[in-house]
Amino acid sequence: MIRIEGLTKRFGGTAVLNAIDLEIAKGERVVVIGPSGTGKSTLLRCINFLDRPDAGRITVGDISVDATRASRADILALRRATAFVFQNYGLFAHRTAQENIMEALITVQKRPRAEAEAQARRILKEIGLADKADSYPASLSGGQQQRVGIGRAMAIGAQLMLFDEPTSALDPEWVGEVLDLMRSVAAQGQTMLIVTHEMRFAREIADRVIFMEGGRIVEQGPPAQIFDAPQDPRLQRFLARVSA
Amino acid sequence: MLGLVPVILGYVPLTLAMASAAMVLALVLAVALAVERVFRVPILDQLVLLFISFFRGTPLLVQLFLFYYGLPQVLSFLTAIDGVTAAIMGLTLHFAAYMAETIRAAIIGVDRSQWEAAQSIGMTQGQMMRRVILPQAARVAAPTLVNYFIDMIKGTSLAFTLGVTEMMGAAQKEAAGSFLYFEAFLVVAVIYWIMVEGLSQAQKALEIRLNKAYAR
């Protein structure tokens, strides 16, 4: 189980995250929606300590980290229990698709090379890129790069997979294949926390949708409730704007 | 004049050995200095800045004289150091200061997404530098570093001033005996030139290899 308590992040004087509380059950798929600049990405980045939270506690399985006195070891443990999929893919530019997927297994998890290779090849097949194992990121399309990005996250075997607007940087023609892959990751029971602007996808994949504005969770519930019967006027306005 | 060629060629291995040893040591030192400059370890950072400032701010020849002729008067254990060792040390420290800045700039130039991706998969800082950042910085820094190596090869001729008989010293001796000054130094110049040209070819091959991942 994942529990976030009082997670707060300030940039300069403004609180981008305002004491966020959130629990995610094992296997649950939570989608975060909301206007830009309301802290959705910061929430994900703080869970991974890519941005260091100013206050709050993050618990993933039996790892529990207090943001105000997180040690280097705490941060590593937390990162190793989670996986991050970036908007801009973030593939290691000097490594092939297969090496990208293997990297965490070899360097971080210290698994034997043969084992890591076998797993990377399994994942490459799963993400439909078995024939691109030896291609470098620069020679892959945006959609292919993001599939490798998801493949790299899958390899870690994380308790929680974080998706930070995984399709926002993609040309429209590649969005479908990335969403398809996320569906198949979801079908494997992976716990997922997803920030996205793809509302139809959110409705389809989410067990729960969270609407954030101004660094707070304003409303949350099952997709049918959030999209068909929104209560808060801010959510109503937001939905009117994105569907227009 | 042609008789001079094999005599002076006989000293090429010494020149290359001095330059290669200094290059390897300077690279190791420069990477350490550069990484420190990126992470700015308190106190150490001031020392590194002072080191870089001094070795960039004074001429190589002055540094060599200071170490070989000057320092042993103050630190007696340095008396035992021979000219070759002193030259290698001097070249190492001098060029490490320059290379550190090149490498630091290359490290900082590695895209932020690469640092974050490395962190997100749970790498330690050491793993991140070794596996992700330095290999990518190497590609950017390589042409400049090869340039410094070229400078270093030519810089070994200053070992002559520390009493080392290398190519320059050998030419000087030959010329003094035969009065063929022009010929002797011309042979030295041409041999240096050929070595550097060879290195330029090697640089092209190296760049192609380092750019392999970035071809579209």
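The model is predicted: local features need pLDDT of at least 70, side-chain atom pairs count only at pLDDT 80 or more, and totals for chains, interfaces and linings use all residues. Residues are numbered from 1 along each chain as its sequence is written, chains are lettered from A and ligands numbered from 1 in the order in which they are written, and side-chain values use heavy atoms, without hydrogens and water.

**The sheet in chain A**

Six strands form an open sheet in the order S6-S7-S8-S3-S9-S10 (chain A), and the pairing is mixed. Strands (E, at least two residues) and helices (H or I, at least four) are DSSP runs numbered from the N terminus; two strands pair if DSSP finds at least two bridges between them. At the edges are S6 (82-85) and S10 (216-221) of chain A, each pairing on one side only. From one strand to the next the twist averages 20°.

Strands S7 (160-164) and S8 (192-195) of chain A run parallel and are joined by four bridges. Asp164(A) is opposite Val195(A) in S8(A).

Two helices are listed below with their angles. Contact means heavy atoms within 4.5 Å; axes are lines fitted to C-alpha atoms, for helices over the stretch in contact, and angles run from 0 to 180 degrees between N-to-C directions.

| Helix | Strands | Angle |
|---|---|---|
| H1 (40-47) of chain A | touches S3, S6, S7, S8 and S9 of chain A | about 145° with S7(A) |
| H6 (172-187) of chain A | lies across S3, S7 and S8 of chain A | about 155° to S8(A) |

**A residue in chain B**

Ile43(B) is in the loop between helix H2 (12-39) and helix H3 (44-57) of chain B. Ile43(B) is exposed, with a relative accessible area of 64%; buried means under 20%, exposed over 50%, and partly exposed in between (1.4 Å probe, protein chains only).
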